[in-house]
Amino acid sequence: MITLAEKNNFNKSKSNKAYNTSFKGNFKGITKAADVFIKSQENLSSTRFIQDTITNWAPKAVFSRSIADFSEMSFLEFLESGIFYFASPLLGEKLFRNKVFKNFAPENLRKQINENIPKTVEQIKNSNLADEIKKRTIAQKAGIVLACTAIPVAEYTLSFAKNLFTLKTFKKSNFDSIANLNKSDVKEDKEQQKRVEAHSKYQLKKAGVISAAGIILGTLLAVNGHKSDKLQKLSETILNPGKSFTDLLHSNNVKPNKFTEAVKKISFDFKNENGKLALSKGQLGLTAILGLFGYSKAAEDRGKLDVMEVWTRVPLVVFYTIVGSELFEKLFGNILNKKNIFPDLLTKNAEGKVSTPQRHELPKLARKLAAERNTLPQKELERLTKEKAVVSLVPYAFSIVFMGLALSALTRFATQIRYNKQHKQDGATPEYIKQTHLPEIYKNFSL
């Protein structure tokens with residue numbers, strides 16, 4: 001409970017122009033650390049790029065098997081994170097939306113079209129805008145998506161760029177040598193090196209052609225997409241292929257069911273991030289899945305063990321990236337809500353789903369709780385901040401420990417076992433265990 005003096009001081013501070021700033025940021029110690037962590041989790045720009053790259057990179061760095069393995073892994077992780085965090089805002093938002101495609105509409109319509117691009121197709125169609133503005137907006141949205149074909153294509157091709165990087169830097173194309181599976185030098189096959197180089201360069205050139213084609217087709221659609229119903233329908237299909245597919249099924253007397261409802265949600269439209277275009281779940285899914293097949297195809301050039309390692313680890317990573325992380329967070333939130341832990345923070349909405357307020361919403365909630373309980377808003381805010389940090393930290397820690405450390409270790413040990421079997425060394429201590437700085441008890445363990 002607060003004293004009369006404290007309440008008077010608080011009331012005085014409300015009239016201060018700096019009240020909101022001090023109220024939101026006047027943290028110390030653990031609370032300040034918690035707030036910084038929450039901010040990093042909700043920030044999709046450079047802060048999140050650095051944080052996620054390090055948490056993905058560090059576990060693999062711990063279990064790297066050679067300088068070549070460490071270098072190509074670092075090359076892949078940093079560029080991959082760059083694609084996920086910067087490609088959409090740079091290409092979709094800053095370049096195509098605000099620099100190029102807005103010039104395709106009549107000058108008197110540009111502002112309205114540009115303002116409505118972040119909205120969904122349904123929101124645009126149900127708005128009070130003129131038909132021409134609606135059609136031009138939907139066509140431009142689809143054109144931007146096509147023009148950004150380079151994003152998933154870059155993710156697919158990245159593994160080939162990695163192969164070329166390793167070949168040119170370390171003169172290695174054999175996975176056994178790169179992964180240092182045996183201390184004895186593995187003689188490089190010059191013919192294999194030529195094949196790896198030729199195939200990698202071919203894939204990079206093909207990626208350039210596909211990306212250029214996407215830009216050309218996207219431009220044509222943005223310019224002409226409002227002129228016919230067919231092009232308008234094509235635009236809607238590009239943005240929401242799931243809905244178009246299920247509409248087709250329903251028109252052929254297929255009744256709605258759980259499968260069609262799930263397919264209906266598939267969308268390649270951008271996410272609306274406070275009026276700006278950002279990577280959506282559909283785009284993330286497409287990019288991650290293409291990345292998996294790019295990993296696998298590039299691995300084929302370097303040997304069977306590389307392919308097997310990819311299919312041991314990457315499908316789990318892709319699943320966790322697309323849906324696993326969100327499912328785990330929801331499960332954890334539901335458990336806390338069921339046990340009535342953090343009831344002020346975790347509440348159920350009208351649909352029965354547990355929701356958690358964003359960081360910027362906490363001050364308003366703190367004031368509401370303080371008014372109801374006759375407590376200090378700052379104290380309520382500090383408590384809510386710590387609770388939200390816990391709700392975010394557990395799934396985050398799971399991602400680091402399981403998806404990072406454990407999965408990296410298991411993948412590498414599994415590869416060593418396969419190598420040993422391949423070379424009839426089942427009873428020998430894996431060279432990888434010998435080379436790590438693990439406790440002696442583990443070095444004596446025989447696989």
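Buried means under 20% relative accessible area, exposed over 50%, and partly exposed in between, using a 1.4 Å probe and protein chains only. With that in hand, 44% of the 447 residues of the protein chain count as buried.

This is a predicted model, in which local features need pLDDT of at least 70, side-chain atom pairs count only at pLDDT 80 or more, and totals for chains, interfaces and linings use all residues. Residues are numbered from 1 along each chain as its sequence is written, and side-chain values use heavy atoms, with hydrogens and water left out.

**Figure 1. The whole chain, before zooming in.**
The protein chain has 20 helices and 4 strands. Helices (H or I, at least four residues) and strands (E, at least two) are DSSP runs, numbered from the N terminus. Among contacts in the protein chain with a separation of 6 or more, 66% are between residues 24 or more positions apart; contact means heavy atoms within 4.5 Å.

**Figure 2. Helices H15 and H16 side by side.**
Here you can follow H15 (residues 281-300) and H16 (residues 304-338). Their axes come within 9 Å and cross at roughly 175°. Axes are lines fitted to C-alpha atoms, for helices over the stretch in contact, and angles run from 0 to 180 degrees between N-to-C directions. H15 and H16 are therefore roughly antiparallel to each other (angles under 35 degrees count as roughly parallel, over 145 as roughly antiparallel, 65 to 115 as roughly perpendicular and the rest as oblique). Residues of H15 in the contact include Leu284, Ala288, Leu292 and Phe293, while those of H16 include Val307, Trp311, Val314 and Val318. The residues of the contact of H15 with H16 divide into 14 nonpolar, 3 polar and 5 charged.

**Figure 3. Helix H5 against H15.**
H15 also packs with helix H5 (residues 67-100), at an angle of about 155° and with the axes 12 Å apart. That angle makes H5 roughly antiparallel to H15. H5 passes H15 in a right-handed crossing; a crossing is left-handed if the near helix is turned anticlockwise from the far one by less than a right angle, and right-handed if clockwise. Look for Leu76, Glu80, Phe84 and Ser88 on H5, which make the contact with Gln283, Leu284, Thr287 and Tyr295 on H15. By type, the residues of the contact of H5 with H15 are 4 nonpolar, 3 polar and 1 charged.

**Figure 4. Aromatic rings that pair up.**
Rings of Phe, Tyr and Trp (its six-membered ring) pair if their centres lie within 6.5 Å; planes under 30 degrees apart count as stacked, over 60 as edge-to-face and the rest as tilted. By this rule the count comes to 10 aromatic pairs. The rings of Phe101 and Phe104 have centres 5.2 Å apart and planes at 35°, so this pair is tilted. Phe101 is buried, at 0% relative accessibility, whereas Phe104 is partly exposed, with a relative accessible area of 27%. Phe293 and Trp311 form an edge-to-face pair, 6.0 Å centre to centre and with 70° between the planes. Phe293 is partly exposed at 43% relative accessibility, and Trp311 is partly exposed at 39%. Elsewhere, Tyr320, Phe328, Phe398 and Phe402 form one aromatic cluster.

**Figure 5. A close look at Gln192.**
Gln192 sits in helix H11 (residues 190-224). With 10% relative accessibility, Gln192 counts as buried. Leaving aside neighbours within four places in sequence, Gln192 is in contact with Ser173, Asn174, Asp301, Arg302 and Gly303.

Asn98 lies in helix H5 and is partly exposed, at 25% relative accessibility. Beyond its neighbours within four places in sequence, Asn98 is in contact with Glu93 and Asn114. The C-alpha atoms of Asn98 and Asn114 are separated by 7.7 Å, and the two are 16 residues apart along the chain. Gln112 belongs to helix H6 (residues 110-116) and is partly exposed at 35% relative accessibility. Not counting residues up to four places away in sequence, Gln112 touches Leu129 and Ile133. Gln112 and Thr137 are 25 residues apart in sequence and 8.7 Å apart in space, C-alpha to C-alpha.

How values were computed: Ala, Val, Leu, Ile, Met, Phe, Trp, Tyr, Cys and Pro count as nonpolar, Asp, Glu, Lys and Arg as charged, and the others, Gly among them, as polar.
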